[in-house]
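Subject: Structure for your review

Dear colleague,

Please find the structure below, together with its sequence.

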Amino acid sequence: MWLQEAAANTFDYMVLGFGVILGSMALFILSIALRVRSLRKDEALLDELEQSS
Amino acid sequence: MGPMPKALKALNVFTSLVFAVALYLVLFYAPREAVMGDVQRVFYFHVAAGWVGALAFLVTAVAGIFVLVRGDHRWDQLALASVEIGVVFTMINIVTGSIWARPVWNTWWTWDPRLVTASVMELIYLAYLMLRQGIEDPDRRARFAAVYGIVGFISVPLTFLSIRIFRTIHPVVVGNNDPTAQGTFDMTPKMKLAFFFSLFTFTFVYITLLWHRLRLQQFKERIEERKLRALTA
Amino acid sequence: MPDRAATQPAEAKRRPLREYLQAIGAVVWKDVQAEFRSRELLSAMLVFSLLVILIFNFALELDVRTRSTIASGVLWVTFAFAGTLGLNRSMAIEKDRGCLDGLLLAPVDRSALYFGKAVGNLIFMALVELIVLPVFSVLYNMNLFHPGLLLVVLLGSVGYVAVGTLLSTMAVHARTRDVLLPILLFPVTIPVLLAAVKASNGFLQALEMTDILPWLNLLIVYDVIFIAVAFMVFDYVVEE
């Protein structure tokens, strides 16, 4: 019969694992990008205010 | 926000390339583990993420020492940037640890010293952030955060030690039979390459993200300063 | 006169140390006296401890055998929560009445303030423990006055209070001060609590000393390290 057991089928768990890793990293990078964008808007507003005054 | 320094642009490219290579090594080059199957591939990035968490915490603690001794606010910006990255990657470490445990030991959680220590570390990080949120004066906030960062960092090896003693004297009966098991498997040379290359890759991921997050923090504080001046003008 | 000349340098060396110890004593005496008059801290900690023990009794329906295995756990959870209460209130009273600023004006090394507060906190915690232990003995029907256990209670309390005093000095400045202290304190004191529970359990169940010794060592190491750390950073915490 089987001399050696075939490796367990854990493909789904692997996908889940990499999903978590890549997803978390992507979300973090996205959060930095969004925060930079929001600050740039604030900067533009402040520039306007300082110019008009 | 000032223009991105050339070095950072180069680092972005380098890190992305190295990450792509690491993905290839981990998903295709490394052989499928004989017993656990494909889920073992998660292990490479699981450990690398844990390494980043520990490194981030170390940087925060050291930056904290400089905050106290030098009184230079920029070290506080570095400490905060590092903590955020540490929180993210420690969380990755814990969750992937759980995902790996499930098919291998048929449990979502093992009382493995490393996993428990990572969880405690995550709680310390989160407490660090809550402490910062609660203090309004920037100078005091920086000092208090520095102190807690140092205290927290010193407590982590002691926590690890305590759980290790716990496991050697009282091996866990339910869940995981072998108290020393880390999902032990022998690493072939190809696996070793994937493993060490992952550590290398994630170190650069850390440095790159740290630099970006630090620039964000510096930008944020400049804008806040300007807002304050605009309001009080 | 030769005698006076000989004692001068020795006196000069001993004076700062004596002043230092006197400062610590002054802070401790102030806290103990204030507490003796109002008893608000001790009564709160005591009632809270008894309530926790009671709740555990209902939450974990235990037979006689199981009780002995979890007794040390319940005991230390009780001490940890009561300790947090004491630490919080002790610092809050200090800050709200403006005593903190007064103490800082004293011409003594800041660390004396730390040791003073820490010893005061330790005394309060010890008083509560001294009352809780016999109550616990009665309710759980076990003899808790084992010298080994008392040693563990002391070592564990010292470590807990050493870190707790430092962190409560910081937490008191936050708006969320009451909930922030436990959040800061518990993750960092896991080695103490774990070691204390395990060592207590060892003595209660009359385990081999070889099993208990690693935990005692860990307690001592933790206490020494964190008293030293607190001593070094306290200045930075109270500077204005």
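What percentage of the contacts in chain C with a separation of 6 or more is accounted for by residues 24 or more positions apart? The share is 84%. Please bear in mind throughout that this is a predicted model.

Chain C

The secondary structure of chain C consists of nine helices and zero strands. Its C-alpha trace spans about 75 × 45 × 30 Å along the principal axes. Of the 240 residues in chain C, 43% are buried.

The buried residues of H2(C) are C:Leu41, C:Met45, C:Ser49 and C:Val52. Viewed down the helix axis, the buried residues of H2(C) fall within an arc of 65°, and therefore line one face of the helix. An α-helix has 3.6 residues a turn, so residues three or four places apart point the same way. On the face of H2(C) turned away from the buried side are exposed residues, including C:Glu40 and C:Ser43 as well as C:Val47, C:Leu54 and C:Phe58.

Contacts between chains

Two pairs of chains are in contact, and chains A and B share the most contacts. Chain A and chain C have no contact with each other, and their closest C-alpha atoms are 24 Å apart.

Between chains C and B, 26 residues of chain C are in contact with 26 residues of chain B. On the side of chain C that touches chain B, helices H6 (147–171), H7 (177–188), H8 (190–204) and H9 (209–238) of chain C each supply at least two residues. H9(C) provides the largest share of that side, ten residues. By residue class, the side of chain C that touches chain B divides into 21 nonpolar, two polar and three charged residues.

Chains A and B

Chain A has one helix and zero strands, and 11% of its 53 residues count as buried.

For chain B the pLDDT averages 90, with 93% of the residues scoring at least 70. Over residues 173–182 of chain B, however, the pLDDT is below 50, and this stretch has twelve contacts in the model beyond near neighbours in sequence. Among the elements of chain B, the mean pLDDT is lowest for helix H5 (residues 138–169), at 92, and highest for helix H2 (residues 42–70), at 95.

Yours sincerely

Definitions and conventions: Residues numbered from 1 in each chain as written. Chains lettered and ligands numbered in written order. Predicted model: local features only at pLDDT ≥ 70, side-chain atom pairs only at ≥ 80, totals over all residues. Contact = placed C-beta atoms within 7 Å. Helix = DSSP H or I, 4+ residues; strand = E, 2+ residues; numbered from the N terminus. Nonpolar A, V, L, I, M, F, W, Y, C, P; charged D, E, K, R; others polar. pLDDT = per-residue confidence, 0-100. Buried ≥ 20, exposed ≤ 12 C-beta atoms within 10 Å, placed from the backbone. Arc of directions from axis to C-beta.
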